[in-house]
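Hi everyone, thanks for coming. Let's walk through this one together, starting with a single pair of residues.

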Amino acid sequence: MKENIYDSYKDVLKLIPILKKDEASDQDIADARKLLYKVDTLNLPFQGINAKHAKVLAKILKTTSPVWELNLLHNDIADAGIEALAEILKNSSSLNFLDLESNNIGAVGAMAIAAMLKEKPRLTFLNLKDNKVGNAGLKVLAERLVEKPS
């Protein structure tokens, strides 16, 4: 963990322009990974992050230091964005807090989250308020939550 929380916050803010580039290069991804070195809480609420940006974030998170908390509150990552993130996050051994409130996530995204939950027994907080997961998405999530880990 970084000693100075202000420095960590500045580094996270520097990440936003990289996420929003039309085409994030391999160098951009490498630069973003350096910014997030030892950042364990990633707060990106109200940043206008869409599915394309979420896919870039997934590439960045693939090999950064473990993130314990990921807050994407009030963005627009949608199903395609959460599918990309869930694929990466299911391999994270440290993630325990995931806030996805108001992200235009539907049933497809809920299914991706359910698949991630199968691999994430440590996740203790998941917020999907104000999304459009529907009955099918809720059913899959509920079934996953009551399953016992293998």
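Look at Asn-71, which stands opposite Asp-99 in S3. This is a predicted model, so local features need pLDDT of at least 70 and side-chain atom pairs count only at pLDDT 80 or more, while totals for chains, interfaces and linings use all residues. Residues are numbered from 1 along each chain as its sequence is written, and side-chain values use heavy atoms, with hydrogens and water left out.

Three bridges join strand S2 (residues 69-71) to S3 (residues 97-99), and the two run parallel. Strands here are DSSP runs of E, at least two residues, and helices are runs of H or I, at least four, numbered from the N terminus; two strands pair if DSSP finds at least two bridges between them.

Now zoom out. The open sheet has four strands in the order S1-S2-S3-S4, with parallel pairing. At its edges, pairing on one side only, are S1 (41-43) and S4 (125-127).

Asn-71 turns up again among the residues that Leu-44 touches, as do Val-12, Leu-15 and Leu-72; contact means heavy atoms within 4.5 Å.

Which residues touch the most other members of the largest nonpolar core? They are Leu-42, Leu-44 and Leu-85, out of 42 residues. Such a core is a set of buried Ala, Val, Leu, Ile, Met, Phe, Trp, Tyr and Cys residues joined through side-chain atoms within 4.5 Å, where buried means under 20% relative accessible area, with a 1.4 Å probe and protein chains only. Helices H1 (5-19), H2 (26-35), H3 (51-61), H4 (78-89) and H5 (107-119) each give two or more residues to this core.

How values were computed: Buried means under 20% relative accessible area, exposed over 50%, partly exposed in between (1.4 Å probe, protein chains only). Lists of a residue's contacts leave out its neighbours within four places in sequence.
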